[in-house]
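Keep the picture open while you read.

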Amino acid sequence: MAAAAVPAPPAVVVVKVVALCGSLRKYSYNRGLLCAAMDISKSINGLEIEYVDISPLPFLNTDLEVNGTYPPVVEAFRNKILAADTLLFASPEYNYSVTGPLKNAIDWASRPPNVWADKTAAVVSAGGSSGGARSQYHLRQIGVYLDLHFINKPEFFLNAFQPPAKFDREGNLIDDSAKERLREILLSLYAFTLRLQGKCA
C-alpha cells in the first residue's frame, strides 16, 4: 500500500517593506532603529526591508511637474513606494510634529496618483522624554488623508537619553529590550499587511 502523500508546507508570502527615516543626521538614532529592524527582519520569514533615502528629494514645487511627470529622483522615490507592500517610518519629533524632510517626502508621493493609498504602515521613534510620541500621532493623522493604514499596537517610543545607553556613538541600537519590541512591531506589521491583502484569515 502506497504511503499517503505528505502535503507541502504553505509557501511563505513575501511582504516588501520600505523603511523611511525622518532624520538626515549621519548618526541618527531613528535611522539606528531602522538599521536594527532590518537586521531583525532577517530572522522573520517573508519580511524584506529596504531602506530608502529621502535626502535627495528636492523641496516640493509643482513647477517641477511637467506634463504629469516628476523629476527623475522623485519618480524613482514614488516607484519605490508604489512597489512596496508596506512602510516602516522612523519619525523623530520636531516642534511637536514630523520633520520637514519626512513631510516633503510624504507630499511628493501623495501627488497624483497618490502612491501611499491602501498600504499598511508602522511607525517607531526615538527622542527625548516622550520618545517622539507627538510626531507619531501627527503622522497617523496625515495617514488618514493618504489612505495609509497604520497598525495600532504595539506602539514604540524610545527615550534615547534615559540610562542605560540605548545607542552607541554611531547611532547603532544596543538595547536588547528595544530590539525585542522592534521585533514585535515587525511581526504585527507583517500579519496586518497579510490580513489587509486578504492573504490570511
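Does C21 count as buried or exposed? With a relative accessibility of 2%, C21 counts as buried; that word means under 20% relative accessible area, while exposed means over 50% and partly exposed is in between (1.4 Å probe, protein chains only).

A quick word on the model before we go on. It's a predicted one, where local features need pLDDT of at least 70 and side-chain atom pairs count only at pLDDT 80 or more, while totals for chains, interfaces and linings use all residues. Residues are numbered from 1 along each chain as its sequence is written, and side-chain values use heavy atoms, with hydrogens and water left out.

**Cysteines**

Back to C21. The closest cysteine sulfur to its own is the one in C35, and at 8.6 Å that's too far for a bond. A disulfide is a pair of cysteine sulfur atoms within 2.5 Å, and by this rule the count is zero. C35 is partly exposed, at 42% relative accessibility.

**Salt bridges**

Side chains of opposite charge can pair when their charged atoms come close. A salt bridge here is a side-chain nitrogen of Lys or Arg within 4 Å of a carboxyl oxygen of Asp or Glu. The count comes to five, and the table gives some of them.

| Pair | Closest N to O |
|---|---|
| K80 and E50 | 2.6 Å |
| R134 and E93 | 2.7 Å |

R134 has a relative accessible area of 36%, which makes it partly exposed; E93 is partly exposed at 22%.

D107 and K103, on the other hand, both lie in helix α3, four residues apart, or about one turn of the helix. D107 is partly exposed at 25%, and K103 is partly exposed at 32%.

**Rings**

A pair of aromatic rings is described by the distance of the centres and the angle of the planes. Rings of Phe, Tyr and Trp (its six-membered ring) pair if their centres lie within 6.5 Å; planes under 30 degrees apart count as stacked, over 60 as edge-to-face and the rest as tilted. How many aromatic pairs does the structure hold? There are six. One of them joins F89 and W116: the ring centres are 5.9 Å apart and the planes are at 40°, so this pair is tilted. F89 is in strand β3 (residues 86-90), whereas W116 is in the loop between α3 (100-110) and β4 (120-127), 27 residues away. Both F89 and W116 are buried. Elsewhere, ring pairs link Y29, F161 and F167 into a cluster.

Charges can sit over rings too: the rule asks for NZ of Lys or CZ of Arg within 6 Å of the ring centre and within 35 degrees of the ring normal. R25 lies over the face of Y29, 5.3 Å from the ring centre, and R181 lies over the face of F156, at 4.4 Å.

Terms used: Helix = DSSP H or I, 4+ residues; strand = E, 2+ residues; numbered from the N terminus.
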